[in-house]
Amino acid sequence: MVKKSPTEFSFWEKKIETLPTQDLKKLQAKRLRQTIKKAQTVPFYEEQFKAASTDPDKIESIDCIKSLPFTTKDDLRNQWPYGLLAVPKDDCVRVHASSGTTGRAVAMLHTEKDIDTWSNLVARCLYGVGVRKRDIFQNMAGYGLFTGGLGFHYGAQKLGTLTIPIGAGNSRRQVNLMRDFGTTVTHIMPSFAIYLMKVFKDMGIDPKRDTKLRIFFLGAEPHSEETRKRIETFYDVDAYNSYGLSEMNGPGVSFECHLKDGLHIWEDSYIVEIIDPEGDEPVPMGEVGELVYTTLQREAMPLIRYRSQDLASFIQEPCKCGRTHCRISRIQGRVDDMIIWKGVNIFPLQIEKVLMEIPEVQETYLVVLETENDVDRMIIQVEVRESFLKGEKSYELQARIVNSLQAELLAKPEVQLVSSGTIPVPEAGKAKRVIDKRSF
Ligand code: ADP
Ligand code: ZN
């Protein structure tokens, strides 16, 4: 049986994907003017623009964006559900909502044209890394209000790929479908892809031997390069980082091309800035800051300078793939994912990076913060192979993990080794990495 067909890399829309930077900036300026005019019809923005003396006809280049007001998650929450609509409600055909990871969810509405534009962006991401009509695509993201399900589904459909809309969870069924239908491409959360390895092993199914899997899209939550490598090795696939947020449609905002060297952002649809999360000014090129987005093509809910709270940096050099659209680093996490422990700032992703490099470490980990006798403790529970749970081997491994973590975090956490399957992993939804029980 021939397992994999060779992968072709090419452009879904070559002209726009490789548009010279000058022309791309001009297109953005034109679309920014149009977006502001559209947004002016929304009372919330009308007021904001009045206060900032915004005149769309004076926007000559995208540099003018700096004079526009920001939009925050709280603004979106306060305008729930219809307050930010720039079209009559009757012109909308779909509503989505964020998962509510950081509090009350926000709702986004879309016209038919919005859905079409969004699907096209997703199709660009899929096609660029070699997904073709002949592929079989198993979408393992939740359907419903969450954007990962229908967002990817419509993109795959635009491309003409046979899609299995199973959604999240149902581990054993997922594996059976992959094997029986000859699934070649999946969209899956990285924590679930790691969890599913155990399910494959328990079922005695070897992804290399028994499936035709060749491409994974990993999205919806932060994950490290080491996690990607584990997934690629176990499933024998190419895994691509796919990033998006409901406020900017969902998946399709930013994706890795086949070079896997940073994520391109589709600049014909978004203007992206990287701002000091504690201020209003851009960070110097290459430094990590908060991603701030302006929609350029959205009809129903145009958003101006939306503060996403997601942290990443720009990559300055043009990408060798030929796409002119800018690139960002992996998402480090959200502003409020940062753990402050004994005065040190730590992102869960740093912990994951260290743990996934250690072969004895199994599926998952959990950071528990608690206060005991007025002392703040950070206990990192780590799932390891059974044979490392007792005796000399266990002490050696525990010490090795503590040392590696200390070198990365510049603080010394406690490490507890636990057996595989101890830490609950949600079959559907985003992994919870931190439990903070500290008394402040
Ligand atoms: P919520 O913000 O409530 O989780 P969404 O379901 O819209 O709602 O999820 C979008 C968020 O998920 C992003 O803002 C980002 O924090 C995270 N995210 C999505 N894709 C990725 C990715 N590839 N890497 C890291 N984080 C991601
Ligand atoms: Zn590229």
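The legends below describe close-up views of a predicted model.

**View 1. The zinc ion (ligand 2) and its protein donors.** As a point of reference, ideal angles at a metal with four tetrahedral donors are 109.5 degrees. Along the sequence, the donor residues of the zinc ion (ligand 2) follow the spacing C-x6-H-x54-C-x1-C. Distant parts of the chain are linked in this way, since C257 belongs to the loop between β8 (250–256) and β9 (263–265), whereas C319 belongs to the loop between β13 (314–315) and β14 (327–328), 62 residues apart. C257 has a relative accessible area of 1% and so counts as buried, and C319, with a relative accessible area of 10%, is likewise buried because the cut-off is under 20%.

**View 2. Strand β6 between its partners β5 and β7.** Strand β6, which spans residues 215–219, is mostly covered, with five of its five residues buried. In a regular strand the side chains alternate between the two faces of the sheet. For β6 both faces are covered, with I215, F217 and G219 buried on one side and F216 and L218 buried on the other. Strand β5 (residues 185–188) pairs with β6 in the parallel sense over four bridges, and T186 stands opposite F216 in that pairing. Strand β7 (residues 238–245) also runs parallel to β6, to which it is joined by five bridges, and here I215 stands opposite D238 of β7.

**View 3. Strand β10 and its pairing with β11.** Strand β10 (residues 270–275) is largely enclosed by the rest of the structure, because six of its six residues are buried. Both of its faces are covered, one by way of the buried residues Y270, V272 and I274, and the other by way of I271, E273 and I275, which are buried as well. With strand β11 (residues 289–295), β10 pairs in the antiparallel sense over six bridges, and within this pairing E290 of β11 is the bridge partner of I275.

**View 4. Nonpolar cores and the surroundings of I328.** The largest nonpolar core comprises 52 residues, and those with the most contacts inside it are Y45, L291, Y293 and I328. When neighbours within four places in sequence are left aside, I328 is in contact with S254, G262, L263, I265, I274, L291, A312, S313, F314 and I315. Another core, of 26 residues, lies apart from the largest one, and among its members are M140, I194, F216 and A239.

**View 5. S404 in helix α12.** S404 is found in helix α12, which covers residues 391–409. Its relative accessibility is 30%, so S404 counts as partly exposed. Apart from neighbours within four places in sequence, S404 is in contact with V354 and I358. From D63, S404 is separated by 341 residues in sequence and by 43 Å in space, taken from C-alpha to C-alpha.

Methods. Residues are numbered from 1 along each chain as its sequence is written. Chains are lettered from A and ligands numbered from 1 in the order in which they are written. This is a predicted model: local features need pLDDT of at least 70, side-chain atom pairs count only at pLDDT 80 or more; totals for chains, interfaces and linings use all residues. Side-chain values use heavy atoms; hydrogens and water are left out. Buried means under 20% relative accessible area, exposed over 50%, partly exposed in between (1.4 Å probe, protein chains only). Helices (H or I, at least four residues) and strands (E, at least two) are DSSP runs, numbered from the N terminus. Two strands pair if DSSP finds at least two bridges between them. Contact means heavy atoms within 4.5 Å. Donors are N, O and S atoms within 2.8 Å of the metal (3.2 Å for Na, K and Ca); water is not among the atoms, so sites may look incomplete. A nonpolar core is a set of buried Ala, Val, Leu, Ile, Met, Phe, Trp, Tyr and Cys residues joined through side-chain atoms within 4.5 Å.
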